[in-house]
Each structure stands twice: as structure tokens, then as C-alpha cells.
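Subject: Structure for you to look at

Hello,

Here is the structure I said I would pass on. My notes on what was found in it come after.

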Amino acid sequence: MTDHHERADTFFLIALFGVLIICSCVLLKIYYPQMLDKTHPQPTPQSLDPLIQSAENESSQAAYQLGTEYLNGINRKENKDEAVRWLQKAASLNHADAQFDLALLFLSGEVVEQDAATAYYWVSRSKINGHLLAAAKLSSMTEDLTADEQKKQSLRAQLDNNESLLSED
């Protein structure tokens, strides 16, 4: 009879172990995806990203923030094309910092093709919009452009700035 009891005990332990494995698998199937979501959050699709939504709804500050995040790889994967796109959007909405940063990009030629006239234009617009470093930057840029080109870019900046201000009203 002992042999019979040992077999029953062994069978019971094996069955119990099997039930525990099945229960563990079921629990993992239910809870593991939720645990993964908490420890490794999925990136927010761009359409649900509140910063992108704000920028698309004409927030110059949101567009500027997106541009700098993409440019520097902060909170987002570095993407120079997206950086320029959002900085240009913010600059066109009269964000002085975006205008100044865009000018620096055109001066350096590292992210966009180097273009002194376009850089002068954006520095001029940033000066019109009150950027503190723009006046000093303009005076240091005078040797890169002819007087006629400087005048042309300054007038263009004033006209574009006035036009964008009128469209806001």
C-alpha cells in the first residue's frame, strides 16, 4: 500500500505543479502586457502629441520647442529636417528666438545650406521682434553682404513681419 500512496502523492504533486504552471501562464498573458506598458511606455503617435498639436494650431512657442527638441535630440530622436521645419514655422509666426536660431543655422551651413542673405533676413526679423542679440549679430554680419543686399533683406524682413502681424488681426 505504501507504493500505491507514493504514486498517488507523486501524481498529485505533478498535477499540482502543472496547474501552477498553467495559472502562471494565464496570469502572465493577462498582466505582462500591462507591466510592459508601465516600464516601457510606447512613444506617443505624432497625431496625439500635444506639443505637435499646439504647434500645428499656430503656437509659435510650441513650434519653437519642437524645433529645438528635434535639433538637439532632447525628448525626441534627433531629426535635422524636422528641426528646420518647426523652427521655420515658429519663425514665420514671429518667434524672435526661432528667427535668431534659424539665422545661425543659415550662417553655419551645418544643418541647412549656408546662405548669408537668408541669415541676414532672419536676424533682421528677430531684431524687429526684440531679440536681444540680434542688433550685435547684424553689425557683425555687415561684411558678408553688400550694402544693397543688407537693405534688401532688412526691407523684406520689415514687410514680412508687418504682413504676418496684419494676418494675426
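I start with arginine 125. Neighbours within four places in sequence aside, arginine 125 is in contact with Ala91, Ser92, Asn94, Gln99, Ala157, Asp160, Asn161 and Ser164. Please keep in mind throughout that this is a predicted model. Arginine 125 has its place in helix α6, residues 116–128. Is arginine 125 buried or exposed? Its relative accessibility is 4%, and the cut-off for buried is under 20%, so arginine 125 counts as buried.

One of those contacts, asparagine 94, is found in the loop between α4 and α5. Asparagine 94 has a phi near 70°, which is a positive value in a residue other than glycine. At 12% relative accessibility, asparagine 94 also counts as buried.

Now the overall layout. The protein has eight helices and zero strands, and from the N terminus on the elements run α-α-α-α-α-α-α-α. Of its 169 residues, 32% count as buried. Taking contacts between residues at least 6 apart in sequence, 53% join residues at least 24 apart.

In soluble globular proteins, nonpolar side chains tend to be buried together. Here the largest nonpolar core has 34 residues, and those with the most contacts inside it are Leu66, Trp86, Leu87, Leu102, Leu105 and Trp122. Two or more residues each come from α2, α3, α4 (80–92), α5 (96–108), α6 and α7 (134–141). Which element gives the most to this core? That is α5, with seven residues.

Not counting residues up to four places away in sequence, tryptophan 122 touches Ala91, Ser92, Gln99, Leu102, Ala103 and Phe106. Ala91, Ser92 and Gln99 are also among the contacts of arginine 125.

How many aromatic pairs does a search of the whole structure find? The search finds one. The pair is formed by tyrosine 121 and tryptophan 122 and is edge-to-face, at 4.8 Å centre to centre with 70° between the planes. Tyrosine 121 and tryptophan 122 are both buried.

Tyrosine 121 also has a charged neighbour: arginine 156 lies over the face of its ring, 3.8 Å from the ring centre. Elsewhere, the charged end of arginine 76 sits over the ring of tyrosine 70, at 5.6 Å from the centre of that ring.

The last item is glutamate 58, in the loop between α2 (50–56) and α3 (60–72). Its relative accessible area is 48%, so glutamate 58 is partly exposed. Phi of glutamate 58 is near 70°, a positive value in a residue other than glycine. Leaving out residues up to four places away in sequence, glutamate 58 touches Lys89 and Leu93. Glutamate 58 and lysine 89 are 31 residues apart in sequence, with their C-alpha atoms 8.3 Å apart in space. Their side chains make a polar contact at 3.1 Å.

Regards

Conventions:
Residues are numbered from 1 along each chain as its sequence is written. This is a predicted model: local features need pLDDT of at least 70, side-chain atom pairs count only at pLDDT 80 or more; totals for chains, interfaces and linings use all residues. Side-chain values use heavy atoms; hydrogens and water are left out. Helices (H or I, at least four residues) and strands (E, at least two) are DSSP runs, numbered from the N terminus. Buried means under 20% relative accessible area, exposed over 50%, partly exposed in between (1.4 Å probe, protein chains only). Contact means heavy atoms within 4.5 Å. Rings of Phe, Tyr and Trp (its six-membered ring) pair if their centres lie within 6.5 Å; planes under 30 degrees apart count as stacked, over 60 as edge-to-face and the rest as tilted. A charge sits over a ring if NZ of Lys or CZ of Arg is within 6 Å of the ring centre and within 35 degrees of the ring normal. A polar contact is a pair of N or O atoms within 3.5 Å; within protein, one must be able to donate a hydrogen and the other to accept it, and residues adjacent in sequence count only if both atoms are side-chain atoms. A nonpolar core is a set of buried Ala, Val, Leu, Ile, Met, Phe, Trp, Tyr and Cys residues joined through side-chain atoms within 4.5 Å.
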